[in-house]
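This report goes through one protein model, from its overall build to single residues. Look at the sequence and the structure before reading on.

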Amino acid sequence: MDSNTVVIFGAGATKACGGPLTNEILTRAFNTAYEIDREQFLPTLEEFLSDNFYAAQSGELPPLPLLISFLDTAIDRGHALGPKWDQGRLIDARRALDYVIFAVLEHDLKKLQKNYYHTLYDKLKKKAGTLPVTISLNYDIIADNALTRINEASGNDEGIFPDYLCDVASDLYRKKMGDSKLLKLHGSLNWLYCPSCNRLDVGISNSGVGFTKVLEQLYSEEKAKHETLEQRLTCQGRKCISCHSEVKPVMISPTYFKDYRNPHISRIWYEADQVLRKAKRVIIIGYSLPDDDLDVLYLLKRGLSHLGDNSIDIVEFDSDHRLAEKHPVGRRYVTLFGKRINWHTDGFEGFLDRFPIS
Ligand SMILES: [Zn+2]
């Protein structure tokens, strides 16, 4: 494991591969013929949006992070939102939202045309002999699947899954976990968490089928036991294996509300801090460093203060190829890291074409 190089993926990295940006997920769910269980989930979400976000009645949807935070805050504080939305129905709306996010990301994942994540890992492995440590700000599992595929291709039958650096209890994951570290700061659509006993499982979803042999094999095994992600998220599969409570995916809003009480997420943030402090080179792809993303900003600022000049590569796409100081995202990085950054404006694909960079 090359712990000297850390790769950080933001939403722009997924977008470059053809996946949705976070704020496109809701619109896509309502406007496109996704394989969403329309009977069970969309009507609840539609009703919640129309009752609580007035612009939604005319088709203008709220930003996804705001919606997640709004629901989580109401549930967390034990509030009701008017006579129609008591705690039970708010929990139903949150579950519907979780499923809709999952369905859209799954749908797009199966149709990805370009997997730049995989190409980057391949190139980094050829250059350094080992894989880098990854920090992902995305819920999707493009990085997860790319690492799984590379590990499988190396002929290693055991160390296949990435090491999420948190306490995953699933037997199949533990049996086949490798040493490629993947820290998902906002959770992951393939994680199922039991809020009652804190058990965290990794589920296998349909998007892995055809991707790698091991995922395909595991998916059919899970399907036979009614334990695939799809089955468990639609409540047709098993509940928590330890305590039989209902499980939920771990997808935390990037801006407004951080569920640090989830012990797995706390551990991941701690590990990310440790990993960054040891890094010698950092590649940040498709993360716009928004001002209100204070927790990530703080983590990066603290964790990367030891680095010297030109040790942080920032990969953005700008057709005008503006200098960092002239670009809104570049300016934010310059403010935080000064001469430590190398500013690349040719996007994920262009960056890979020029790789290895000096
Ligand atoms: Zn449990």
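How many helices and how many strands are there in the protein? There are 14 helices and ten strands. Helices (H or I, at least four residues) and strands (E, at least two) are DSSP runs, numbered from the N terminus. The model is a predicted one, in which local features need pLDDT of at least 70 and side-chain atom pairs count only at pLDDT 80 or more, while totals for chains, interfaces and linings use all residues. Residues are numbered from 1 along each chain as its sequence is written.

## Overall build

The radius of gyration of the protein is 20 Å, close to the 21 Å that the globule rule gives for 358 residues, so the protein is as compact as a globular protein of that length. The radius is taken over C-alpha atoms, and the rule is 2.2 Å times the number of residues to the power 0.38. Along the principal axes, the C-alpha atoms fill a box of roughly 60 × 45 × 35 Å.

Of the 358 residues, 44% are buried. A residue is buried if 20 or more other C-beta atoms lie within 10 Å of its own, exposed if 12 or fewer, and partly exposed in between, with C-beta atoms placed from the backbone. Among the contacts in the protein with a separation of 6 or more, 74% are between residues 24 or more positions apart. Two residues are in contact if their C-beta atoms, placed from the backbone, lie within 7 Å.

## Strands

Strands of a sheet pair through backbone hydrogen bonds, either parallel or antiparallel. Here two strands count as paired if DSSP finds at least two bridges between them.

An open sheet is formed by three strands in the order β6-β5-β7, with antiparallel pairing. Strands β6 (200–202) and β7 (248–251) are at the edges with a single partner strand each, so one side of each has no neighbour in the sheet. From one strand to the next, the twist averages 45°. Strand β5 (residues 187–193) is joined to β6 by three bridges, and Y193 has L200 in β6 as its bridge partner. Helix α5 (residues 87–110) packs on this sheet and touches β5 and β7; the direction of α5 makes about 70° with that of β7.

The parallel sense is found between β2 and strand β4 (residues 177–184), which pair over three bridges. In this pair, S136 has K184 in β4 as its bridge partner. Five of the five residues of strand β2 (residues 132–136) are buried, so β2 is largely enclosed by the rest of the structure.

## Helix pairs

Two packed helices are described by the angle between their axes and the distance between the axes. Axes are lines fitted to C-alpha atoms, for helices over the stretch in contact, and angles run from 0 to 180 degrees between N-to-C directions.

| Helix pair | Axes come within | Crossing angle |
|---|---|---|
| α3 (residues 42–52) and α5 | 8 Å | roughly 120° |
| α11 (residues 263–278) and α12 (residues 294–303) | 8 Å | roughly 35° |

The crossing of α3 and α5 is left-handed, whereas that of α11 and α12 is right-handed. A crossing is left-handed if the near helix is turned anticlockwise from the far one by less than a right angle, and right-handed if clockwise.

Which residues of α3 and α5 make the contact? They are L42, T44, L45 and F48 of α3 together with D92, A93, A96, L97 and V100 of α5. By class, this contact has seven nonpolar, one polar and one charged residues. Ala, Val, Leu, Ile, Met, Phe, Trp, Tyr, Cys and Pro count as nonpolar, Asp, Glu, Lys and Arg as charged, and the others, Gly among them, as polar.

In the other pair, W269, A272, D273, L276 and R277 of α11 meet L299, R302 and G303 of α12. The contact of α11 with α12 has four nonpolar, one polar and three charged residues.

## Single residues

Most residues other than glycine have a negative phi, and most peptide bonds are trans. L165, which is not a glycine, has a positive phi of about 55°. L165 lies in the loop between β3 (161–163) and α8 (171–175). H244 also has a positive phi, near 65°, and is found in the loop between α10 (229–233) and β7.

Is H244 buried or exposed? H244 is exposed, with 12 other C-beta atoms within 10 Å. L165 is partly exposed, with 19 such atoms within 10 Å.
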